[in-house]
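Trainee: I have a model open and want to go through it with you. Can we start with the charged pairs and then move on?

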Amino acid sequence: MSVDILIIEDEPSLSRLLATTLSAQGYVVTTAMRADEALARVAVDDPALILLDLGLPDRDGLSLLPLLKERCQAQVIIVSARSQESEKIAALDAGAEDYLTKPFSVAELLARLRVAQRRRQEAVPVAQRYVVGDLEVDLEQRQVVLAGEVIKLTPKEYQLLAILAQSGGRVVTHAQLLQAIWGRHHSDDTHYLRIYLRQLRQKLERDPGEPRYLITEPGVGYRLGD
Ligand code: CA
């Protein structure tokens with residue numbers, strides 16, 4: 001039988017809280033406290049989504065991630081402490097779909113689950129058009145429309161926006177953006193991104209200081225608002 005969400009979390013109180021909250025929302029939930037238990041569960045449960053704590057007693061979540069991805073098609077959301085910032089980024093670069101930093105609110109958790117579910121449903125085929133508020137990114141026509149008006153972007157500005165649009169509200173790390181746009185040897189040049197993000201915000205945001213579309217995830221990367 002397949003379940004909606006597998007919670008891999010060794011802190012009993014947090015695991016219970018997550019399981020209770022998500023069950024109350026109608027999700028079918030199972031839990032695992034250890035990595036070996038999680039690997040046994042995925043084969044049986046075939047979860048649609050996985051909440052993965054990075055700090056597990058028998059194996060770190062980062063090395064568990066590829067093993068989970070081999071065994072099921074689940075979207076993986078990393079759950080981590082603030083002190084695990086670099087591991088969180090490594091997990092996103094290794095294919096995790098999203099992350100939550102402890103402590104997080106129930107509203108935040110549910111919002112991330114909705115994004116992950118939407119992505120899973122849209123997994124095939126890839127959406128060719130991304131619409132959020134007044135902003136429309138047409139990936140086929142390579143056209144960006146804001147409130148009915150075509151916006152002229154430079155090729156790099158467009159590339160950056162297109163990658164965020166293709167990710168559909170999911171965070172994209174600095175390294176992923178830099179490698180996709182400028183190549184592997186520029187994966188540390190985050191100042192490139194700041195420059196282009198500032199330009200994009202000036203063209204697309206009503207208030208560039210309070211962006212609605214181009215959201216900064218501090219220390220991690222960027223996502224398109226939804
Ligand atoms: Ca833990």
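Trainee: What do the side chains of Arg41 and Asp45 do?
Mentor: They meet in a salt bridge at 2.6 Å, N to O. A salt bridge here is a side-chain nitrogen of Lys or Arg within 4 Å of a carboxyl oxygen of Asp or Glu. Keep in mind that this is a predicted model, where local features need pLDDT of at least 70, side-chain atom pairs count only at pLDDT 80 or more, and totals for chains, interfaces and linings use all residues. Residues are numbered from 1 along each chain as its sequence is written, and side-chain values use heavy atoms, with hydrogens and water left out.

Trainee: How far apart are Arg41 and Asp45 in helix 2?
Mentor: Four residues, which is about one helical turn. Helices (H or I, at least four residues) and strands (E, at least two) are DSSP runs, numbered from the N terminus.

Trainee: Is Asp45 buried or exposed?
Mentor: Asp45 is buried at 4% relative accessibility, while Arg41 is partly exposed at 29%. Buried means under 20% relative accessible area, exposed over 50%, and partly exposed in between, with a 1.4 Å probe and protein chains only.

Trainee: How many salt bridges does the whole structure have?
Mentor: A search finds 13. One of them joins Asp53 and Lys102 at 3.4 Å, N to O. Asp53 lies in strand 3 and Lys102 in the loop between strand 5 and helix 5, so this pair ties together parts that are 49 residues apart in sequence.

Trainee: Which residues coordinate the calcium ion?
Mentor: Asp10 (OD), Asp53 (OD) and Gly55 (O), at 2.2 to 2.3 Å. Asp10 is in the loop between strand 1 (5–8) and helix 1 (12–24) and Asp53 is in strand 3 (residues 49–53), so the two tie together parts 43 residues apart in sequence. Donors are N, O and S atoms within 2.8 Å of the metal (3.2 Å for Na, K and Ca); water is not among the atoms, so sites may look incomplete.

Trainee: And which of those two counts as buried?
Mentor: Asp53 is buried, with a relative accessible area of 4%. Asp10 is partly exposed at 29%.

Trainee: Where is Pro103?
Mentor: Pro103 sits in the loop between strand 5 (98–101) and helix 5 (106–122). The peptide bond from Lys102 to Pro103 is cis, with omega near -10°.

Trainee: What about the phi of Asp46?
Mentor: Asp46 is not a glycine, yet its phi is positive, about 45°. Asp46 is in the loop between helix 2 (35–45) and strand 3. For background, most residues other than glycine have a negative phi, and most peptide bonds are trans.

Trainee: Switching to domains: what does the assignment give?
Mentor: Domain 1 (4–123) and domain 2 (129–224), with bounds from an automatic or database domain assignment. Their centres, taken over C-alpha atoms, are 27 Å apart.

Trainee: How many residues are in contact between domain 1 and domain 2?
Mentor: Twelve residues of domain 1 touch 14 of domain 2, where contact means heavy atoms within 4.5 Å. The two domains bury about 1000 Å² between them, 45% of it on carbon and sulfur atoms. That buried area is the accessible area (1.4 Å probe) that two parts lose on being put together, summed over both.

Trainee: How many salt bridges are there between domain 1 and domain 2?
Mentor: The count is one.
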